[in-house]
Amino acid sequence: MSYLNPLRLHFYGSFQAAVSTVNNDPTHFDNATFKPVYQQRQSGQNANGWWNPRGDANWRMIGCDITSASLADGKPAPSTDPVLTCSIADSDRNVAAKLVDLDPAQQGVSEIWGMEIRIANQHGHTLMRGKYKVAPFIDLFERVFNGGPGDSMGCAMYQSVLTDIEWGNIGDSPFLQALREASSNGLLSIKFNVDAFDDDFTSPTFTLGRVAGTIGPAAGDEPRHFILGRHLMATAGPGQGFFIPAGNLNFCQAQVDQAAGKIYLDLGNSLCTQKPGGPFQNLGPMMLVCETSDAAGNPEYLPIAAVDYLANGWYKKTAGVAVLPETRRLTKDELNTIARNPLAILLTPSSGPQAVPAISEPSSGLYIRADQFVFRLNPGESADVDLYATQFGAPLPAARVINFLDDTQIGGGPPVGVPETALDFPRTLVLDQSGRALLKITAADPGNPRQYIDGQVYGIRCALEDTLAPPLAYPFDPNELVSLLVFDKFTPDQPITWYGSLQPIFQQYANLYPIMSRFVDLSDYNSVVANRRMLSVAFGLDFGDPNYMPVTRDLSGDKRKAILDWLKNPLDGTPPPTLASPAPPAKANGSADVSNDLPGRGGKAAFYSRLKTRRKGAL
Amino acid sequence: MIVLNRQLLDEIDQPGGLEKALQKAIELEHATLPPYLYSYYSLGADNYAAGSPNAEIANIILSVIKEEMLHFAIACNILNAIGGAPCIDKPDFIPVYPGPLPGGVESNLVVHLKRFSREHDHDTFMVIEEPETPLHFPVQALLAEKPVTIGQYYTKIRKKIEELGQSIFTGKPSLQVTGGSFPASELFPILTVADAVKGIDIIKEQGEGTSTSPLDPDGKLNLQDTFAHYYRFAEIYYGKALQAVPNLPPGTPPDQRYRYDGPPIPFDESKVLPVIDDPSESGYPPNTAAHYLNDNFNYAYTSLLKALHRAFNGHPEHLGPAIHLMHSLRELALEMMTSTTLPDGRNPGPSFEYQPVNPGR
């Protein structure tokens with residue numbers, strides 16, 4: 001059970017992601033070539049620090065109304081249920097959550113840290129409060145086709161669980177009482193789509209975007225970050241920047257409810273819009289079908305239901321979740337067919353009468369996925385990656401899994417994924433009887449391969465052996481990659497001194513996060529010492545605290561310990577003689593690299609542009 | 001001088017009056033913060049670092065702000081100690097600006113949220129902090145009458161606590177909040193009459209000084225060697241630090257022992273951010289950057305009150321998040337005061353209003 005079930009609520013509103021953009025360019029990590037203009041906003045053809053160098057990484061949920069709710073029997077909550085006048089809000093007793101990239105070479109899995117989610121009534125009273133288990137976005141795609149450059153054209157989704165649930169006074173809401181009843185394990189499932197992010201710093205809605213999401217119960221034994229159900233696979237179309245689904249529909253997931261005779265299909269992160277935040281593109285009539293074949297092997301489609309995705313206000317009210325068929329139950333025969341055959345979505349384009357499959361499950365229905373898929377490891381630490389495999393949504397027991405390094409989704413700056421010896425993990429695994437396996441990845445010291453950026457970034461892909469047969473055409477989701485940042489081992493001087501060990505570390509943060517200068521000049525020994533009490537608190541907080549420093553969470557355990565030790569006795573040491581000499585000229589950043597599509601170049605769009613260019617270059 | 005309604009003093013003697021008086025004191029301590037913070041923020045981040053043009057002024061205002069927060073915390077601890085419960089999370093906890101301070105204030109003082117100026121410092125900050133018997137350096141005629149001041153109010157609270165004695169200290173010790181960034185000598189558990197008396201004396205003497213010295217005279221409170229708030233704000237107004245006159249003959253009257261003739265406290269008005277006076281939520285039209293920024297600020301400010309309410313109502317561990325929220329307010333205010341302009345060319349500032357949801361429109 002997850003958010004994709006009858007008992008759920010939908011919400012719709014805005015999010016804020018006030019990220020800093022100085023660190024989006026890997027070369028800006030190099031203290032030796034850093035220029036003060038990288039802390040300025042982009043100007044004309046000068047990229048400088050892109051569009052938001054003063055960003056503070058704050059993430060907020062703003063004005064998110066609960067737009068609909070339905071009960072366990074699938075019926076809408078009565079219009080008198082007060083939940084329909086409530087909103088989804090973030091914490092009202094701590095600072096804002098933070099949006100954090102894994103690394104400048106992996107900007108496609110930004111996680112939200114330290115977020116609390118509340119259901120609040122109109123007076124702000126909390127009816128439910130829970131902690132969002134840290135999770136990254138996934139399946140970022142170009143929601144506005146040919147919309148031009150910039151992050152406003154993209155859309156992605158977050159799926160996680162809420163833990164440590166507290167309930168307020170919900171006595172007059174049958175819906176919330178039912179939700180509480182269904183979450184006796186202390187968990188709720190949450191999924192939301194983010195799009196229309198405004199990266200234009202001249203706009204009043206700068207750093208705001210649109211969010212539409214769903215909250216429902218979460219089964220304790222199911223994955224936290226995806227549906228143990230049906231997964232429809234898009235294929236990549238041509239184009240720069242974000243992933244463009246060839247069939248016009250992005251990756252999506254569905255759940256078959258045998259008891260209710262319904263399919264819950266989540267198209268929230270699949271449909272494209274006419275403009276950022278605008279209505280959906282009219283792709284023609286849409287039909288969910290089950291794909292079978294006749295005796296001669298020709299495809300046949302068992303119609304399940306039409307999807308009325310163009311209905312007025314549909315996205316606002318449903319966050320893109322369709323319950324199909326709407327007016328009847330699936331028969332036993334239909335359910336049997338669906339259990340053994342792929343689901344597909346047919347579109348009938350205006351250009352022709354023929355409905356064509358836009359997206360579908362693979363013909364064999366095999367699917368494997370890592371639940372949590374973003375990790376930060378210090379040398380000697382391990383990541384426990386939970387793998388789940390299914391076939392047409394049912395657990396796939398005893399199959400073999402092949403795990404391999406894959407750097408197609410990471411890169412930028414110095415080479416990534418090397419040395420391979422810094423990661424130890426089994427190249428093959430066998431799933432247990434419930435279709436699960438634990439992939440243990442142990443990190444060793446990568447040995448500072450990137451020099452001016454700490455540690456190294458790796459990608460590991462896990463695939464079912466049966467899907468790797470030549471010609472390697474089995475459809476897969478490139479975003480479903482385990483991403484790891486492995487920190488370098490760091491040994492400070494003894495006793496630890498500012499100039500002997502820490503100045504370059506602090507200098508880098510001072511360069512990349514100019515906002516910090518409002519509190520402390522991190523590049524200056526005296527300023528850091530003057531603020532040591534505040535810094536000791538911030539560096540010493542729990543890693544998941546929204547106020548943890550650094551918010552970017554890219555400081556290794558060794559360096560963190562050295563800083564905390566040093567703050568107790570902040571010796572300055574001897575300045576190196578070269579420190580006063582002028583920095584050598586930076587590489588020609590902001591000239592050759594920048595074209596007239598500047599407004600989006602420092603964000604996710606730029607990252608994927610660079611990634612695609614690099615891959616093309618490699619071919 | 002802030003003049004309280006004399007009735008407030010009489011109410012302390014009524015049943016439950018001490019609890020009410022302490023709640024009122026908590027509200028009063030808080031009510032000074034938005035005007036101080038607004039002016040402090042308007043000095044801009046560039047003036048917080050040592051050596052920058054208005055750094056001295058910023059430091060002085062910040063030092064007062066921190067002590068007002070300490071006084072707020074002490075008053076909460078005393079209220080908890082006698083079995084009360086501080087009520088911090090409520091819409092009318094925040095006064096309306098411009099307007100009078102809470103507590104039946106009888107004076108004409110209307111407190112504004114204004115960008116920093118020496119006039120504002122003189123006309124508002126010095127008036128708020130003016131002691132019962134201010135020492136005028138240079139001399140100015142003492143007021144003939146002696147109305148009820150905040151200091152007298154605390155004196156009466158202290159007297160009542162001493163009168164009622166240890167038996168009223170029925171609150172759970174676990175409700176006492178300590179730590180944060182306050183030294184243990186200033187923020188400590190209030191468990192006895194003596195603790196409460198010491199706490200009130202800290203409030204009075206940091207805020208007002210004594211009738212004979214702008215300093216804590218005999219060091220018995222272990223306070224840092226700084227002047228009371230009134231005199232610190234006066235230093236800003238006169239543009240010079242207050243310092244002791246050397247080689248005084250015995251018997252020199254108290255108001256001739258110090259002079260505002262120390263190192264200069266410079267003020268460069270051109271460096272103050274050009275923010276508007278008395279902002280309000282309704283004054284920022286929907287779908288403007290100022291509106292969104294103000295919402296974020298007010299939501300964080302309301303969250304701060306909620307975090308404090310929680311900290312002083314059984315979850316002392318929430319003082320940490322409250323302090324983080326306090327720091328984040330500065331960031332949000334500075335962002336608001338520097339990142340956008342209003343149609344009249346000035347910059348917006350935060351309106352300090354109770355907003356328990358972030359409406360975003």
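A residue is called buried here if 20 or more other C-beta atoms lie within 10 Å of its own. Please keep in mind throughout that this is a predicted model.

Let me apply that cut-off in chain B. A21(B) has 24 C-beta neighbours inside 10 Å and therefore counts as buried. This alanine belongs to helix α2 of chain B, which covers residues 17-31. With which residues is A21(B) in contact, once its neighbours within four places in sequence are left aside? The partners are E11(B), I12(B) and I157(B). As for N247(B), 226 residues away along the chain, its C-alpha atom is separated from that of A21(B) by 44 Å.

I turn next to a pair of helices in chain B. Helix α5, residues 118-129, packs with helix α8, residues 229-238, at an angle of about 165°. Their axes are 9 Å apart. Angles over 145 degrees count as roughly antiparallel, so α5(B) is roughly antiparallel to α8(B). The crossing of α5(B) past α8(B) is left-handed. On the α5(B) side, the contact is made by R118(B), D121(B), H122(B), F125(B), M126(B) and E129(B). From α8(B) come H229(B), Y230(B), F233(B), A234(B), I236(B) and Y237(B). Sorted by class, this contact of α5(B) with α8(B) comprises seven nonpolar, two polar and three charged residues.

Let us now consider the domains of chain B. There are two entries in the division: domain 1 spans 6-273 and domain 2 spans 275-361. Their contact draws 26 residues from domain 1 of chain B and 25 residues from domain 2 of chain B. Which helix gives the most to the side of domain 1 of chain B that touches domain 2 of chain B? The answer is α3(B), with four residues. Both α3 (33-42) and α4 (55-81) of chain B supply at least two residues of that side. Its composition is 17 nonpolar, six polar and three charged residues.

Chain A has its own division, into domain 1 (8-19 + 57-360), domain 2 (366-486) and domain 3 (498-574). Between the C-alpha centres of domain 1 and domain 3 of chain A there are 39 Å. Eleven residues from domain 1 of chain A and eight residues from domain 3 of chain A take part in the contact. On the domain 1 side, the largest share, three residues, comes from strand β4 (residues 97-100) of chain A. That side divides into seven nonpolar, two polar and two charged residues.

Most residues other than glycine have a negative phi, and most peptide bonds are trans.

Is each of them buried or exposed? A196(A), in the loop between β10 (188-195) and β11 (208-217) of chain A, is buried, because 23 other C-beta atoms lie within 10 Å. L472(A), in the loop between β28 (456-464) and β29 of chain A, is exposed, with 9 other C-beta atoms within 10 Å.

Methods: Residues are numbered from 1 along each chain as its sequence is written. Chains are lettered from A and ligands numbered from 1 in the order in which they are written. This is a predicted model: local features need pLDDT of at least 70, side-chain atom pairs count only at pLDDT 80 or more; totals for chains, interfaces and linings use all residues. Axes are lines fitted to C-alpha atoms, for helices over the stretch in contact, and angles run from 0 to 180 degrees between N-to-C directions. Angles under 35 degrees count as roughly parallel, over 145 as roughly antiparallel, 65 to 115 as roughly perpendicular and the rest as oblique. A crossing is left-handed if the near helix is turned anticlockwise from the far one by less than a right angle, and right-handed if clockwise. Two residues are in contact if their C-beta atoms, placed from the backbone, lie within 7 Å. Ala, Val, Leu, Ile, Met, Phe, Trp, Tyr, Cys and Pro count as nonpolar, Asp, Glu, Lys and Arg as charged, and the others, Gly among them, as polar. Domain bounds come from an automatic or database domain assignment. A residue is buried if 20 or more other C-beta atoms lie within 10 Å of its own, exposed if 12 or fewer, and partly exposed in between; C-beta atoms are placed from the backbone.
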